Amino acid sequence: MRISVFVASICVLSLSACSTLARYSETQSNAARFDRGAHAVAASEMAFLHQVQNAECTEAYYKRAYAYATDTRDKNFDLVFQCHPTELTNDQLQIRLKLLNAITLYADSLTALTNGSNETQLDSNSSDVAKNLEALAAKEKFSAIGTNTIAGVNAAVSSIAKFIIERREEPKIADASARLQGPLETIVAALKAENIDDGQGLKSKETALTNDFALAVRVAHEQRGPASLLDIYQAHEALDHLIVQPQDVGQLNVALDALVSANSALANPKSAEASSTISILVREGRAAVTLFKASK
Amino acid sequence: MPSQTQKTNIANAIQSIRNAQNLLQPLINAAPTVSIAIKLTNEYNSLDTCLSQLLHAKNSADDGVFSSAAGVLKSQAGGLQMDEKAIKAIISDVAIADQVVGHIGEAIRYIAMC
């Protein structure tokens, strides 16, 4: 009798330990996938912002070329053109890079919490970056990001930076993600709004560049007749090489939305959809990365 | 740096400029002569330049940069008014010309509020 009670107790304890381990492992897996998704979204967003700069420089060059080609009084054209983006300057790009750093450091910190990571070098590096973010937020350097409906990006960055610095004081990943859901939503909403406006700019540039080449093809056709087929080929090749496809913005914003939903899932790990919601982030992030790697 | 109201005005001006461009585009494609196509393309490009400046102003995180960008935008409102006149002279379809000019007028009003 005593032996059977002992065996039964061992079984109950083992099952309980297994269940706890399984839950722990699931939390680890969710945090790791969230981290991977967050990095993918941040990389895509950064690639997009670089595209905004590239599109401006390409268009600025061909705008000058078009003006030269259509004005016969103009005798000089400088083939070597040093571009200094004004639409999204390098300084403005750096501010956005730091905002994306806040998101990826936050995701890294969540993973470190679930791993019980004790990497002091990593801690020190992320803490330094977070302190820099806090200082920038205090100077309201993130205020330019967002629109009327989105306020408090500085406060949102500050909250996330504080968590990164003091994350050991909030060891439960669900509590941390629940508390930072609002700040993350604020940052994502600001980025999405900006992406839409930048997408408008890209669309305008795409059409402007196409118009310039279309005009050249039209004149070539009038002057060269059937031989203008070669001009059409060249124009097509050039546009294919030069144009930045603005439709990518939609996928980028879908991935950003998935990031917010996945964070909410981390805050509610017992919900039935938690794991699948985080899988959606991984999928959409991967799709965004593929699009932006494939595009110019 | 831009206030929330200024950012909204900039976003609205961006949309108005895009609306005007979207109306101009089919006219460029269907322009009966190269000369008209060039004139309309010039107008499109002029609006695109204004759009770039709006985006620059919107992205400014610095007071000095924003006030300078907003100043440039306001000083170029006169240029947009010239565009309005030019477009009326180029586009033979009065109804479409009025729509394009209407959108540019909206953009000018939003820019004035920046």
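Student: With which residue does Asp257(A) form a salt bridge?

Tutor: Side chains of opposite charge can pair when their charged atoms come close. A salt bridge here is a side-chain nitrogen of Lys or Arg within 4 Å of a carboxyl oxygen of Asp or Glu. In this predicted model, Asp257(A) pairs with Lys192(A), with the closest N and O atoms 2.7 Å apart. Asp257(A) is in helix 8 of chain A and Lys192(A) in helix 6 of chain A, 65 residues apart; helices are DSSP runs (H or I, at least four residues), numbered from the N terminus.

Student: Is Asp197(A) buried or exposed?

Tutor: Buried means under 20% relative accessible area, exposed over 50%, and partly exposed in between (1.4 Å probe, protein chains only). Asp197(A) is buried at 9% relative accessibility. Its salt-bridge partner is Lys58(B), the closest N and O atoms being 3.8 Å apart. Because Asp197(A) lies in helix 6 of chain A and Lys58(B) in helix 2 of chain B, this pair joins two chains. Lys58(B) is buried too, at 3%.

Student: How many residues does the largest nonpolar core have?

Tutor: In soluble globular proteins, nonpolar side chains tend to be buried together. A nonpolar core is a set of buried Ala, Val, Leu, Ile, Met, Phe, Trp, Tyr and Cys residues joined through side-chain atoms within 4.5 Å. The largest one has 60 residues, and Phe34(A) and Phe142(A) have the most contacts inside it. Helix 2 of chain A gives the largest share, 11 residues.

Student: How should I read the numbering and the values?

Tutor: Residues are numbered from 1 along each chain as its sequence is written, and chains are lettered from A in the order in which they are written. Local features need pLDDT of at least 70, side-chain atom pairs count only at pLDDT 80 or more, totals for chains, interfaces and linings use all residues, and side-chain values use heavy atoms, leaving out hydrogens and water.
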